[in-house]
Amino acid sequence: MVCKKLGSKSEVFHLQRQSWVCSTGLPSDVIVEVGDFSFHLHKFPLMLRSRVLEILISEDEKKCVLHLHDIPGGAKTFLLVVKFCYGVKLELTALNVVSLRCAADYLQMSEEYGEGNLIAQTENFLSEIYSSWTDSIKALETCEEVLPHAEELHIVSRCINCLATKACADSSLFSWPMSGSGAEQNPDGIVSWNGIRVATNSKPVSEDWWYEDVSFLGLSLYKRFILAVESRGIRPERIAGSLIHYAKRHLPLGRESVVQNGSHAATASILPTPSDTYQRNLLEEIVWLLPNQKGVTPTKFLLRLLRTSMILHASPSCRENLERRIGAQLDQAALQDLMIPNMGYSVETLYDIDCVQRIVDHFILVDHEEIEYGSNCMDEERQLMGVSHSLSPMTVVANLVDGYLAEVAPDVNLKLTKFQSLAAVIPDYARSLDDGIYRAIDIYLKAHPWLTDSEREQLCRLMNCQKLSLEASTHAAQNERLPLRFIVQVLFFEQLRLRTSVGGWFFVSDNLEHSRNPSGNLAITRNDIPPHSGTTENDIVTVDEMKERVFELEKECLSMKKEIEKLVKTKGGWNTFSKRFGFRSRSSDPKAPKSSDLKTSELHDPMASSTTPAPFMNGREKGKGGKSGELVLKQIRNKVFLA
């Protein structure tokens with residue numbers, strides 16, 4: 001740190017309780033009171049350097065008791081002024097020069113009262129301070145103690161302008177440690193140049209080198225510094241990085257509470273401090289200073305600010321601003337950060353569902369605006385490439401919302417309307433699979449067993465049973481919490497998917513066999529293939545794979561048949577089942593065999609007969625020649641394996 005030595009005399013001032021006494025041997029003829037301290041001094045050295053002291057002493061020559069309670073810097077600074085007037089040794093540093101400059105102006109210690117007076121000395125030293133980042137930071141910090149006087153003398157603005165210029169400079173041009181804190185921690189082998197400590201083996205400086213130093217500034221000075229660097233065109237990412245660093249130092253941004261066993265347990269590290277008003281104002285100012293560009297500020301940090309704003313009861317406009325920012329980049333959020341506990345006075349649910357609803361609504365709005373803003377050329381180009389517009393961000397948010405619903409579903413106080421509203425806001429095209437929303441609905445049904453049948457059916461309309469995976473479909477077919485109508489739909493579409501898959505394999509197999517054997521033979525063994533026929537071994541392998549696939553599909557069909565029979569038994573028989581869903585019974589078909597012709601073993605063992613279809617398959621396949629799903633599989637298998 002740069003310093004400047006003034007005066008040549010040895011120390012002559014001593015503190016006795018609350019009084020500073022000059023030990024020059026001459027009796028004191030003037031007393032100056034500053035705060036709780038009194039200074040027993042002499043008139044001549046004071047009147048020789050200060051116009052204000054000269055006037056005050058002249059007005060009260062008899063009593064000579066002066067009151068300077070308003071002097072900038074208080075008794076500590078006035079002691080340095082007195083030492084300067086007596087010619088006692090003192091050092092000007094970045095920590096005392098600002099208060100001394102303000103006190104010198106207050107006492108009017110100009111060149112008219114002696115060459116090299118205190119105003120000139122402090123101004124010259126400030127000029128040296130401005131060229132050093134470390135000293136400028138320290139000087140700016142001390143401005144808060146004498147802020148009105150420092151503002152009047154333009155010390156604050158000059159410090160901020162110098163710091164902003166250095167912060168906006170290209171860090172790749174420097175290889176010396178510009179941060180004051182970093183320079184102090186360097187080992188031996190450091191040289192000093194113009195107040196900057198330079199290491200001989202210095203490393204390149206990162207763009208965040210100034211974040212730590214400016215984080216010690218007060219809010220008002222820090223705000224002015226951020227506005228200064230922004231006006232100089234610094235990248236918004238660097239502004240956001242500095243704001244994040246500053247907020248982490250001054251705000252309780254830890255997770256404010258955790259939910260355990262259905263109750264709120266506040267962590268000690270994030271409890272509100274006595275300075276709630278200051279922290280509330282600080283948070284609102286930080287939110288106002290954040291760059292408006294999308295994606296510049298991390299979503300995780302915005303969500304932490306939102307949680308803190310709820311704890312500190314920030315203004316509604318501040319929370320709305322944060323929700324809008326989060327909604328614009330919700331696809332970058334993590335599920336854990338989205339679990340915002342309910343901070344309202346009337347806590348209905350454990351988590352703030354309404355807040356997440358507003359955030360998702362804003363994301364949908366922004367996504368639609370971006371789609372409409374896109375040009376027609378871009379839309380045509382996406383269609384040619386087979387890419388759906390904004391599918392990736394929307395799909396990410398859909399998965400995020402499904403996971404969030406699964407987390408909040410166990411809350412017994414969560415109303416059905418809120419659950420439906422949040423689930424329904426996601427468009428259908430956003431979910432490639434509905435496994436996530438199915439899991440959330442299943443958890444909600446388990447936690448709310450008192451729902452009526454109509455409410456269960458209304459809830460299940462949120463998902464598309466055609467978009468369930470095989471695992472989810474298998475689970476849904478055995479899930480007694482789901483409405484019976486939905487279970488039947490799941491089984492139907494699973495059988496339809498099975499039939500389509502088998503038909504596709506049959507079509508490929510038929511074309512392959514005819515292309516290999518135009519005469520009509522369905523298979524050719526490897527020994528019968530002539531060398532010049534051009535048939536490769538890959539064709540034979542394809543047929544083998546197809547055979548294995550058909551076996552697997554047949555097993556799946558039989559497994560589903562067992563599940564349907566079990567369902568019919570548990571739900572009160574097939575007659576009630578068919579009447580409820582409008583399926584035709586077997587007796588309505590004149591060609592159908594009588595029930596007496598069916599063996600008892602076939603009703604209990606689906607493997608007993610390949611010609612007795614499951615009730616659901618029979619009801620759906622009658623319109624196609626009376627063939628059941630298993631009969632179709634058998635004919636396909638016979639046709640494929642005929643050789």
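User: In this predicted model, how many contacts beyond four places in sequence does the model have for residues 179-185, where pLDDT stays under 50?

Analyst: The model is a prediction, and where pLDDT is low, the predicted coordinates should not be read in detail. Another stretch with pLDDT below 50 covers residues 255-272, which has 33 contacts in the model beyond near neighbours in sequence. For residues 179-185, the number of contacts beyond four places in sequence is 14.

User: What share of the residues in the protein scores a pLDDT of at least 70?

Analyst: Over the protein, the pLDDT averages 76. The share of residues that score at least 70 is 68%.

User: What part of the 643 residues in the protein is buried?

Analyst: The protein contains 29 helices and 11 strands, and its accessible surface comes to about 33,500 Å², with 53% of that belonging to carbon and sulfur atoms. Among contacts between residues at least 6 apart in sequence, 72% join residues at least 24 apart. Of the 643 residues, the buried part is 45%.

User: How far apart are the end C-alpha atoms of helix 13, and why does that agree with its 14 residues?

Analyst: Helix 13 takes in residues 276-289, and at 1.5 Å a residue these 14 residues should span 20 Å. The distance between its end C-alpha atoms agrees with this expectation, because it is also 20 Å.

User: Which arc around the axis do the buried residues of helix 13 cover?

Analyst: The buried residues in helix 13 are Gln279, Leu282, Leu283, Ile286, Val287 and Leu289. They lie on the same side of helix 13, because the arc they cover around the axis is only 165°. What covers these buried residues includes helix 11 (219-231), helix 12 (236-250), helix 14 (299-311) and helix 15 (316-328).

User: Which cysteine has the sulfur nearest to that of Cys465?

Analyst: A search of the whole structure finds zero disulfides, and Cys465 is accordingly in no disulfide. With a relative accessibility of 5%, Cys465 counts as buried, whereas Cys168 is partly exposed at a relative accessible area of 24%. The nearest cysteine sulfur to Cys465 is 9.8 Å away, and it belongs to Cys460.

User: Is Ile160 buried or exposed?

Analyst: Ile160 is found in helix 8, which runs over residues 155-168. Leaving aside neighbours within four places in sequence, Ile160 is in contact with Leu140, Leu221, Arg224, Phe225 and Ala228. Because its relative accessibility is 4%, Ile160 counts as buried.

User: How far apart in space are Glu554 and Leu498, C-alpha to C-alpha?

Analyst: Glu554 has its place in helix 25, residues 537-570, and with a relative accessible area of 19% it is buried, since the cut-off is under 20%. In sequence, Glu554 and Leu498 are 56 residues apart. In space, the C-alpha to C-alpha distance is 9.1 Å.

User: What is the relative accessible area of Arg17, which has a positive phi although it is not a glycine?

Analyst: Arg17, with a phi of about 55°, is found in the loop between strand 2 (13-16) and strand 3 (19-22). Gln108 also has a positive phi of about 55° without being a glycine, and its place is in the loop between helix 4 (97-107) and helix 5 (118-129). Gln108 is partly exposed, with a relative accessible area of 33%, whereas Arg17 is exposed, with a relative accessible area of 79%.

Methods: Residues are numbered from 1 along each chain as its sequence is written. This is a predicted model: local features need pLDDT of at least 70, side-chain atom pairs count only at pLDDT 80 or more; totals for chains, interfaces and linings use all residues. Side-chain values use heavy atoms; hydrogens and water are left out. pLDDT is the predictor's confidence in each residue, from 0 to 100. Contact means heavy atoms within 4.5 Å. Helices (H or I, at least four residues) and strands (E, at least two) are DSSP runs, numbered from the N terminus. Buried means under 20% relative accessible area, exposed over 50%, partly exposed in between (1.4 Å probe, protein chains only). Accessible areas come from the Shrake-Rupley method with a 1.4 Å probe; for residues, only the protein chains shown count as cover. The expected span of a helix is 1.5 Å times one less than its number of residues. The arc is that of the directions from the helix axis to the C-beta atoms. A disulfide is a pair of cysteine sulfur atoms within 2.5 Å.
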